[in-house]
Every structure is written in C-alpha cells, then in structure tokens.
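Keep the viewer open and follow along.

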Amino acid sequence: MREGLKPGRRHKVHLSVDRTVAYHVGQRHGDAVVLDVNTEQMNRDGYLFVKSENNVWLTDFVPPIYLLINEHCENT
C-alpha cells in the first residue's frame, strides 16, 4: 500500500475486472488480498492500460493513491 503495485517479475501490472477471479488468482500465491484500483482516475491522470488476449488489463505501475483494500470481496 505504501509503494503501489509494481510488476515484480512480470513486464506489467496485471488487473482483473472481476473480484472473484482476482481472489482466486491471488489464492494461488498464498492468502489473497483483493485491492480496488481507481482506474478511471488513473486514466484521467494519463496512465495507459492495454487489454491482453486473455482479458487481463495491463499497466506499468499503480501508485498507492489509486489503491483501496476491498474488505467485502467474496471468498468463493
């Protein structure tokens, strides 16, 4: 939350439009935490997004001001 979302070992940050999918992908790496990203404001502020062939949205970096922990994610 302090440093934002960085791509890590990948070339881009991967974002999902579906919270359930995000939760299940996160579970593959341990305890899942789903974050909401204010992509509308990021886009207005000039950040670019690209949609991949498998319907994942990609961006270079998500600064912490656009992040919010989703406390109400369904653990299904």
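How many salt bridges does the count come to? Before getting there, bear in mind that you are looking at a predicted model. With that said, the count comes to three salt bridges. Side chains of opposite charge can pair when their charged atoms come close. Let's take the pairs one at a time.

Start with Lys6 and Glu3, which form a salt bridge whose closest N and O atoms are 2.7 Å apart. Lys6 has a relative accessibility of 51%, so it counts as exposed. Glu3 is exposed too, with a relative accessible area of 51%. The cut-off for exposed is over 50%, so a value of 51% puts Lys6 in that class.

Next comes Lys12, whose side chain meets that of Asp60 in a salt bridge, at 2.4 Å from N to O. This pair links distant parts of the chain: Lys12 sits in the segment before S1, while Asp60 is in the loop between S4 and S5, 48 residues apart. Lys12 is partly exposed, its relative accessible area being 33%. Asp60 also counts as partly exposed, because its relative accessibility is 48%.

The remaining salt bridge joins Asp36 and Arg19, with 3.1 Å between the closest N and O atoms. Asp36 belongs to strand S2 (residues 35–37) and Arg19 to helix H1 (residues 19–27), so this contact ties together parts that are 17 residues apart in sequence.

Now for the rings. What does the count of aromatic pairs come to? The answer is one aromatic pair. The ring centres of Tyr47 and Tyr66 are 5.6 Å apart and their planes are at 75°, so the pair is edge-to-face. The cut-off at work here is that planes over 60 degrees apart count as edge-to-face. Like the Lys12 and Asp60 bridge, which links distant parts of the chain, this pair links distant parts of the chain as well. Tyr47 is in the loop between helix H2 (39–44) and strand S3 (50–51), and Tyr66 is in the loop between strand S4 (57–59) and strand S5 (67–69), 19 residues apart.

Tyr47 counts as partly exposed, at 28%.

Over on the surface, look for Met1, Val33 and Ile69: they form a nonpolar patch with about 290 Å² of accessible area together. Met1 comes from the segment before strand S1 (13–15). His11 is also placed in the segment before S1. With a relative accessible area of 78%, His11 is exposed. If you want a sense of separation, take His11 and Asn70: they are 59 residues apart in sequence and 25 Å apart in space, C-alpha to C-alpha.

One backbone detail deserves a click. Asn55 has a positive phi of about 65°, although it is not a glycine. You'll find Asn55 in the loop between S3 and S4, and it is exposed, with a relative accessible area of 51%.

Time to zoom out to the fold. The chain's secondary structure comes to two helices and five strands, and reading along the sequence gives the pattern β-α-β-α-β-β-β. On overall dimensions, the C-alpha atoms fill a box of roughly 35 × 25 × 20 Å along the principal axes. Why does the radius of gyration agree with a compact globule? With 76 residues, such a globule would have a radius near 11 Å, and the chain has 12 Å, which agrees.

Finally, a word on confidence. The chain averages a pLDDT of 87, and 92% of the residues score at least 70. Confidence is highest in H2, at a mean of 97, and lowest in H1, at 81. H1 is the helix where Arg19 lies, and Arg19 is the partner of Asp36 in the 3.1 Å salt bridge.

Conventions. Residues are numbered from 1 along each chain as its sequence is written. This is a predicted model: local features need pLDDT of at least 70, side-chain atom pairs count only at pLDDT 80 or more; totals for chains, interfaces and linings use all residues. Side-chain values use heavy atoms; hydrogens and water are left out. Rings of Phe, Tyr and Trp (its six-membered ring) pair if their centres lie within 6.5 Å; planes under 30 degrees apart count as stacked, over 60 as edge-to-face and the rest as tilted. Helices (H or I, at least four residues) and strands (E, at least two) are DSSP runs, numbered from the N terminus. Buried means under 20% relative accessible area, exposed over 50%, partly exposed in between (1.4 Å probe, protein chains only). Patches are made of residues with over 30% relative accessible area and no salt bridge: like charges are joined within 9 Å, nonpolar side chains (Val, Leu, Ile, Met, Phe, Trp, Tyr) within 5 Å. Accessible areas come from the Shrake-Rupley method with a 1.4 Å probe; for residues, only the protein chains shown count as cover. A salt bridge is a side-chain nitrogen of Lys or Arg within 4 Å of a carboxyl oxygen of Asp or Glu. pLDDT is the predictor's confidence in each residue, from 0 to 100. The radius of gyration is taken over C-alpha atoms; the globule rule is 2.2 Å times the number of residues to the power 0.38.
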